[in-house]
Amino acid sequence: MDLAERLTQLIREWEDAESVEIRDIERVTTGASRQTWLFKALARKHGRTVERPMVLRKDPKVGLSYSGRAEEFAVIRKAFEHGIPVPRPLYQSDDALDTPFFIMERVFGETYPKRLLNDEKYAKTRSHWAAELGTILARIHRIPLTEDLGFLKRPSALEQIERNENIWRAMKLNESMVLEYSFRCLKTHIPKNPPTCFIHADFRMGNILFDESGVKAILDWELAQTGDPMYDIAVICMKSWRFDKPENRVGGFGNEEDFFRGYEEGGGFPIDRDRIRYWEILANCFWATVTVAQSRYFLDQPKGDLEYAKLGRRTSECEAELFELLKQVK
Amino acid sequence: MSMNRPSREEILKAVSDYLKDELAPALTGRQRFQALIAASLLEIVLRELTLDPHAFCDPDDLDRLLGPEAAHGRSPEEKETLLCEKIRQGAFDEGPLRDKLFHYLAGEVRYKIQVDNPKW
């Protein structure tokens, strides 16, 4: 049975519908860690047909995942309940398809950073994005850590550093004195008792969906955990995620003042620039490791995909940025 | 012995320009994207062949960071590995040694980014 047929069956059961029709199913290529499918479901119930655009996020057959799809689904549901803009979560199962998955209502808009940062159609609202996202992030950080979120990972700073360092050591193809110094610096400068809260942990361009009116949805909650709220701010300020607009420190579109103002208005935690820079170092180490992994992937394939070769050489960008950050550490 | 012209740099430049300016515009979708990536990879190689790393960092600085005895008889790769070990142990955490290391790293980082992505 193909995927569309199986989904027809499942959605008919879940909706208790008389009949269901799946239309326009297509796989989109975004990110290697999850499979993403788009489709429309037309459910006939009590003589009425309701059409809903949906998104399926499904684990690949092989590959590592930081969290399970059931956990990610629970996180999205929690965010949804707290009024954070996320796609409406619909169904989740670990065994109804060949790998674990969940289904959400599709939100229409754009995630591709280069179009968001350059297209004329976003010019009007782009200047509001920083404050808007600041407020949304503050509300994410205010999600209470209730018992039903007990599954969230709660790594200490040292555990986070060591996790990243171990992956890098296992992955590296050559020495990098800058990465070596970064890990050393992170260990000797661990923030003393920072506040801890719910964090998204991958809050960056590419995971935020916009349309002409502004922010529509925060996506990709796979890495959500508890941690220092400054970590999320560090990630959206990373130079790698500013694309061709490095002068705009927040995501390539905004400035810190607007973002911090929005964050403060939303009831966020006190801003601490030293801690933001500290977590930027860790986030760049993480991204450097990803680029090394891409390089390895290129070298392991009989006919390596050229894009992975190019990504492999982007490690230098992380090193250059890490060095700039390390120079500022007192 | 020297090779006949065109030189490797001239060939790389010509092939890269062909991919970017002639082939890519004639293609669409994924093939076009791949042609542009291919051109940009050749440009990386070209810059790596053209830029002199010694104009960015003095290899003797590496020996000075390690100390002449530790550096003696080791290949550049072995020296880097040894230096990484010392960084890990905290030998460059602060003071003049940190400054010296950072001086060397500044050159290394600048060379690598000038090769891989000068627009960064």
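## Two-chain predicted model: a quick briefing

Chain B as a whole averages 95, and 100% of its residues reach 70 or more. This is a predicted model, where local features need pLDDT of at least 70 and side-chain atom pairs count only at pLDDT 80 or more, while totals for chains, interfaces and linings use all residues. Residues are numbered from 1 along each chain as its sequence is written, and chains are lettered from A, and ligands numbered from 1, in the order in which they are written. The model scores ipTM 0.95 and pTM 0.93.

**Chain A overall**

- Chain A carries eleven helices and nine strands; these are DSSP runs numbered from the N terminus, with helices being H or I of at least four residues and strands E of at least two.
- Its radius of gyration is 21 Å, close to the 20 Å that the globule rule gives for 330 residues, so chain A is as compact as a globular protein of that length. (The radius is taken over C-alpha atoms, and the rule is 2.2 Å times the number of residues to the power 0.38.)
- Along the principal axes, the C-alpha atoms of chain A fill a box of roughly 70 × 50 × 45 Å.
- Of the 330 residues in chain A, 40% are buried, going by C-beta atoms placed from the backbone: buried takes 20 or more others within 10 Å, exposed 12 or fewer, and partly exposed is in between.
- Take the contacts in chain A between residues at least 6 apart in sequence, and 69% of them join residues at least 24 apart. (Contact means C-beta atoms, placed from the backbone, within 7 Å.)

**Domains of chain A**

- Chain A is assigned domain 1 (3–105) and domain 2 (113–328), with bounds from an automatic or database domain assignment.
- Domain 1 and domain 2 of chain A each put 14 residues into their contact.
- On the domain 1 side, those residues split into eight nonpolar, three polar and three charged. (Ala, Val, Leu, Ile, Met, Phe, Trp, Tyr, Cys and Pro count as nonpolar, Asp, Glu, Lys and Arg as charged, and the others, Gly among them, as polar.)
- The centres of the two domains of chain A, taken over C-alpha atoms, are 27 Å apart.

**The nonpolar core**

- The largest nonpolar core has 84 residues, and those with the most contacts inside it include A:V178, A:W279 and A:L282. (Such a core is a set of buried Ala, Val, Leu, Ile, Met, Phe, Trp, Tyr and Cys residues joined through C-beta atoms within 7 Å.)
- Helix α9 (residues 273–300) of chain A gives the largest share of this core, twelve residues.
- Leaving out residues up to four places away in sequence, A:L282 touches A:Q160, A:I161, A:N164 and A:L186.

**Where the chains meet**

- Chain A puts 18 residues into the contact, and chain B puts in 23.
- On the chain A side, α6 (177–188), α10 (306–312) and α11 (315–328) each supply at least two residues.
- That chain A side comes to seven nonpolar, two polar and nine charged residues.

- A:H46 isn't a glycine, yet has a positive phi of about 45°; look for A:H46 in the loop between β2 (35–45) and β3 (48–58) of chain A.
- A:H46 counts as exposed because it has 7 C-beta neighbours inside 10 Å.
- A:N193, also not a glycine, has a positive phi of about 45° and sits in the loop between α6 and β6 (197–199) of chain A.
- The peptide bond from B:R5 to B:P6 is cis, with omega near 0°, and B:P6 lies in the segment before α1 of chain B.

Conventions: Two residues are in contact if their C-beta atoms, placed from the backbone, lie within 7 Å. pLDDT is the predictor's confidence in each residue, from 0 to 100.
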